Amino acid sequence: MKCLAISDLFINKKMMEDGLQKLNRAGVDITIKEWNHQDIESLQKDNIALEKKGSDAVKLPTELLENAEEFDIIITQFAPLNKQSIDKFKNAKIIGILRAGTENVNLEYAKEKGIDVFNTPGRSITSVSEFTVGMILSEIRNIARGYHQLKEGKWKKTFANGTLAPEVKNSKIGLIGYGDIGSKVADLLRPFGAHILFYDAYYNGETVDRQIDSLEELVSESDIISMHYRLTNETQGMLSKKHFGLMKNTATVINTARSGLINEKDLIDALENKQISGAAIDVYDEEPLPAAHPYNNLENITLTPHIAGSTIGNFANSPVILSNIILKSMNIN
């Protein structure tokens, strides 16, 4: 079998070579081609377009489609595979996507052509869960704000959330979504002495944490609310004005998942009116975040440039995870 793996600036050629060794040892002939971008920002711009508009939003360079009919397996992270591209891969049997989302591949058409599609759910468990805990601590303990004040020559101890900051210990932390990442966040926070609550309409397993039946009850009771749902038509804007109105005025909202899960305007209003204490946000409706965005005028928010999943372990390990998934589908250990 022959495999085409399309690398990029996040999963580069060396990472791809190392991560697909198990596939290679199983007899798969691997060719690696690079989806070239001038810099990370231009790759991110294409990725955001694909996430929002689907596989037709960005055109795949023609050089990546040369000899397409030779390949049985196509592996991509961000590079798009739309209907026209898939037609070029006449003998493809498997498409592997090195990410949890599948927005850059026309899934329906691939399946219509009899192609099995695999992605790598859970690849970001460690990176995003660790980052979420960091965002919680940074926001409630004023770590980033304290740093910026010192850089400006100011010795300041009173911030938007007061003079005495809350602690994670004994705080009620409400997780919206209790899948791989949400439950891992719970694992990391439990040793702090936090009380973990969660809302997840799809979870029915065993857990030491307390499952809440409604989103409204969760946000009313929690001190810290953290988003961990997948973004779908049903979850778009699932946290909105109504929910901010139910929160404690000391509550903090964290979003390291997808911007669309929260109505951005409603969150801005809640922060501006001190309806809630603060927020820590890594994802935005428009990226890069415009300089004139209202977030930049707020004192009670911690902002980061969509970097929750950006770790060496996350990207380097993705081809390894996908190799195992593909080999399992082929009944090869």
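The side chains of His37 and Asp46 are joined by a polar contact of 2.8 Å, a polar contact being a pair of N or O atoms within 3.5 Å in which, within protein, one must be able to donate a hydrogen and the other to accept it, with residues adjacent in sequence counted only if both atoms are side-chain atoms. His37 sits in the loop between E2 and H3; helices (H or I, at least four residues) and strands (E, at least two) are DSSP runs, numbered from the N terminus. At 15% relative accessibility, His37 is classed as buried, where buried means under 20% relative accessible area, exposed over 50% and partly exposed in between, with a 1.4 Å probe and protein chains only. Leaving out residues up to four places away in sequence, His37 touches Leu9, Ser42, Leu43 and Asp46, contact meaning heavy atoms within 4.5 Å.

This is a predicted model, in which local features need pLDDT of at least 70 and side-chain atom pairs count only at pLDDT 80 or more, while totals for chains, interfaces and linings use all residues. Residues are numbered from 1 along each chain as its sequence is written, and side-chain values use heavy atoms, with hydrogens and water left out.

Next come the sheets. Five strands form an open sheet in the order E2-E1-E3-E4-E5, with parallel pairing; two strands pair if DSSP finds at least two bridges between them. Strand E2 (29–34) and E5 are the edge strands, each pairing on one side only. From one strand to the next, the twist averages 15°, with axes taken as lines fitted to C-alpha atoms (for helices over the stretch in contact) and angles running from 0 to 180 degrees between N-to-C directions. Inside this sheet, E1 and E3 pair in the parallel sense over 4 bridges, and Ile6 stands opposite Thr76 in E3.

The other open sheet has 7 strands, ordered E8-E7-E6-E9-E10-E11-E12, again with parallel pairing. Strand E8 (210–211) and E12 are at its edges with a single partner strand each, so one side of each has no neighbour in the sheet. E11 and E12 pair in the parallel sense over 3 bridges, with Thr302 in E12 as the bridge partner of Ala280. Helix H8 (residues 180–189) lies across strand E6 (172–176) and strand E7 (195–199), and runs at about 165° to E6.

As for the nonpolar cores (sets of buried Ala, Val, Leu, Ile, Met, Phe, Trp, Tyr and Cys residues joined through side-chain atoms within 4.5 Å), the largest has 43 residues, and those with the most contacts inside it are Met16, Trp35, Ile75, Leu81, Phe89, Ile95 and Ile326. Elements giving two or more residues to this core include strand E1 (2–7), helix H3 (40–53), strand E3 (73–76) and helix H12 (312–329). A second, separate core of 30 residues includes Tyr229, Leu267, Tyr284 and Tyr295. Back with Ile95, its contacts beyond four places in sequence include Ile74, Leu81, Val105 and Phe118.

Two buried polar residues are worth a look. Thr132, in helix H6 (residues 125–140), has a relative accessible area of 0% and is therefore buried. Its side chain makes a polar contact of 2.8 Å with the side chain of Thr256, and the residues Thr132 touches beyond four places in sequence also include Val185, Ser226, His228 and Ile254. Asn300 lies in the loop between strand E11 (278–281) and strand E12 (301–303) and counts as buried at 2% relative accessibility. The Asn300 side chain reaches the backbone oxygen of Leu271 at 3.1 Å.

Turning to the rings, the structure holds 8 aromatic pairs; rings of Phe, Tyr and Trp (its six-membered ring) pair if their centres lie within 6.5 Å, with planes under 30 degrees apart counted as stacked, over 60 as edge-to-face and the rest as tilted. Tyr178 and Tyr203 form an edge-to-face pair, because their ring centres are 5.0 Å apart and their planes lie at 85°. Tyr178 is in the loop between E6 and H8, and Tyr203, 25 residues apart from it, is in the loop between E7 and E8. Tyr199 and Tyr229 are stacked instead, with centres 6.3 Å apart and planes at 15°. Both are buried, Tyr199 at 17% relative accessible area and Tyr229 at 11%. Finally, ring pairs link Phe10, Phe78 and Phe315 into a cluster.
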